Amino acid sequence: MSKARAMQQKTTSGLLEVNGLTVQVATPAGARTVVDDLSFTLEGGKTLCIAGESGSGKSMTALSLMQLLPKPMARVSAGTAKLDGRDILALPEAEMRQVRGRHIGMIFQEPMTSLNPVLTIGKQLGGAISAHGGMRGGLSDAAIRARALELLDQVQIPEPARRLKQFPHELSGGMRQRVVIAMALAQSPQILIADEPTTALDVTVQAQILALIRKLQADLGISVIMITHDMGVVAEMADDVLVMQHGRMVEHSPASVIFSKPRHPYTQELLAAVPRLGEMTGTSAPKRMSDDATASVQTPAPAEPLVAVKDLTVRFDIKGGILQRPVQRVHAVEGVSFDIMPGETLSLVGESGCGKSTTGKALLNLIPWQGDIRVAGRETRGLGASAMRPVLRDVQMIFQDPYASLDPRMRVGDLVAEPLHIHGLASGSELDDRVAYLFRRVGLSADQMRRYPHEFSGGQRQRICIARALSLSPKLIVADESVAALDVSIQAQVLDLLQDIQNETGMSYLFISHDMAVVEQISHRVAVMYMGRFVEMGSRAQIFENPQHDYTKKLMAAVPVADPSRPRRAFMERAEDLPSPVHELDYTPPLQAARDIGGGHMVWEAAGR
Amino acid sequence: MSQTVAETETHVATPSVLARLLRRPLALTGLVIIAVVVLAAVFAPWLAPYDPYEQFFEGLTIEGAPLPPSAQFWFGTDLVGRDLFSRLIYGAQTSLIIGVVANGIAVVIGSAVGISAGYFRGWADTVLMRFTDLMMAFPALLLAIVLAAIFSPSLWIVAMVIAMVNWVQIARVTYTETRSIAERDFVVAERAMGAGAGRILFRHILPHLLSTIIVWATLGIATTVLLEATLSFLGIGVQPPIPSWGNIIFENQTYFTSAPWLVFIPGAAILALALAFNLVGDALRDILDPTQQGRH
């Protein structure tokens, strides 16, 4: 431990000079340059954000600095990276191991995959602490344990002593990411490279982790290279910003300059595509709603709601013991009621595990549920697969990950035709015409029909999924985090497409999202979910301009704002986690009373709150 | 048999698959070997230089030892002076029926059990997989002996017995894979579109299992041919003097040091056949998987 301290004393000036870094990847068509002549300087104690969309080469840059490029596919073909005057790109593997962890620590995007699921937190932290300097790094068990506790305390994990004995799966996503940060800090590095460290986390947790990184940076005097696609995160964190596109640096300026006077057109485009919370204040219709469509929706209350959900409850049993009896129960959705009108977008917003996706799946009978759901006048409770089929012509779904939801072995034309086949709605040339029309409708060309999903980009794949959902001409589409996996500029295009379809056909959407800014753009009405229940529901304006429930307010405060001049959030003491939705079998959820505070703005509050 | 199924599909659906198969040198080699063995089996009476059952006086040395390969007996003779080459050609019939038909039935049963148990879960899962576990725990040879003893031994009974004991591994493997595929989003998406179980199983899950099934099917050819030999050796398989590649090895294995060709040559034939199916299977797997295109 004292050794580690000494290290830290010696090297508080962390300075990295990257010059002409070029990375090439071998492809069947020959070498392709993925990072092209990149140069930057990282000052001690500063944060450099590398921003860009997927495929811009930002992760490759980070991996090449750590000499962790996937060999022999990718290699550094030119350039130097001088750390304290030493070129770390030229170091042999044995010496590079001394640099990793000691001089440069790294945090990856997905905390679950960067932790070993079969080792306790204590073992993994211990490994990181004693990684260098031979057997156990010359440290005693007690010293390792003390350092581990100190690190967990530094990253603000409550009850550190207990955590040492836990396994990664027992911790929440935010806690895991804290452990990963603790491991990266174990050898007191001068530089911390964080590759999309908060992308997989909920907004409130993201806010905590970002604040934590800022605090650690201030306390320990380390420099941070932060790789992100989120301009909001850039604004929260950066001293300097480096914007990358197709492997090239397009702009490199102080954060204040990037946001106020972006010079390069790509930077301007990137900033323009970012949905900003509060951008829509004072309007009631979604962003691209055309005037006549607005009029048709606003016409005095349509008689019949398209979807009426009453007291929807979804509980999953957790089985255990020798007899596989239910021992505990997950209360995923707990007595939720809502209506969706024709032509309306209702958004369900909340953090992971709040039951929003489960609610969407219940509408299509993909999971067992209790309560009442009526779709276009039909009861769907207890319908089997074949009885449900006519209902599914009215309700379709778009999933979060377009690649995962397309069968990789089928041609995309066949995939879009699949619902028409299943429902026996078209065949022969009529089918081909219909599919070609759908492709054009979502902005793809009809001659792409014979290709396979892996030949398309993420945004195109999501368009294919939309075309497939549209093929049955449904009245409602459940969009489950449908733009979450896309780059911001693509995200904006897909959102526009969804709204255009709505303007044209009077489609209704149940839009499920964790992203408050996106929800603000697309919704007529918003319902905020927390722990399987609605806490607040109302029109877009009511929720965003006059949030009443504490949780809604907290959610909105946590959204990173793409404005570096805004005062950065103060560090929050002690992390807090979402409570667990797992309860004993005899648990009866407390009653919550809805309060209408005017104009259909509902707020639910627990009796004892 | 999955091989033959895949090949017939090849002709019906997209003729270009066969053309693509022929373009790959390894697959072509495999196809040629398979074709040679099939032709030998079908035209055995015309191709074989001698009667496989005739014990030649000149087929043994003065001391009564078998003859090594020579111009007269190409692959030498066996312990009683029969021509090994002729016996191999006739033996191809037996081995092909065992390796392709018996193994093919095992693959079909195993896949059907594994996929249904993996997709439907619930009680179907419990019943089918516990039965599979039971079959797995039961000594395969013992079961085969019992079954073969109940029915009078004949080639087709042997084939059935082998199919009955060999499907369990495939069931186990396809079960595990089906379970993970059934959780994937595209299967959920398919359910969301209203697709029935048959469509999901055959059009969306089965194609993803093809590579696993092909690997197990080709591995199975070698093991079933040898299992047939074991059964023949124990007297409950193909009855002597009818030749099969397996029982030729077993008849002669004790003389391995003095007459190595009697074991080596039929062993090489089994190896070549299994390898040939493996090469074709591998190539088919790549050709049928669109995501692998342009990577070979």
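Analyst: Happy to! One definition to start: two residues are in contact if their C-beta atoms, placed from the backbone, lie within 7 Å. Also, keep in mind that this is a predicted model.

User: Got it. Which domains is chain A divided into?

Analyst: Domain 1 covers 2–273, and domain 2 is made of 306–394 + 506–606. Their C-alpha centres lie 35 Å apart.

User: And how many residues of domain 1 are in contact with domain 2 in chain A?

Analyst: On the domain 1 side of chain A there are 26, and they are in contact with 20 residues of domain 2. At least two residues each come from α8, α9 (203–220), α10 (231–237) and α11 (255–260) of chain A.

User: Which of them gives the most?

Analyst: That's α9(A), with 8 residues on the side of domain 1 that touches domain 2. By type, this side of domain 1 of chain A has 12 nonpolar, 8 polar and 6 charged residues.

User: Switching topic: what is the phi of A:Ser188?

Analyst: A:Ser188 has a positive phi of about 50°, although it is not a glycine. You'll find A:Ser188 in the loop between α8 (173–185) and β7 (191–195) of chain A.

User: Is A:Ser188 buried or exposed?

Analyst: A:Ser188 counts as buried, because it has 22 C-beta neighbours inside 10 Å, and the cut-off for buried is 20 or more.

User: Where does A:His246 lie?

Analyst: A:His246 is in the loop between β9 (240–245) and β10 (248–254) of chain A. A:His246 also has a positive phi of about 50° without being a glycine. With 15 other C-beta atoms within 10 Å, A:His246 is partly exposed.

Definitions and conventions:
Residues numbered from 1 in each chain as written. Chains lettered and ligands numbered in written order. Predicted model: local features only at pLDDT ≥ 70, side-chain atom pairs only at ≥ 80, totals over all residues. Helix = DSSP H or I, 4+ residues; strand = E, 2+ residues; numbered from the N terminus. Buried ≥ 20, exposed ≤ 12 C-beta atoms within 10 Å, placed from the backbone. Domains from an automatic or database assignment. Nonpolar A, V, L, I, M, F, W, Y, C, P; charged D, E, K, R; others polar.
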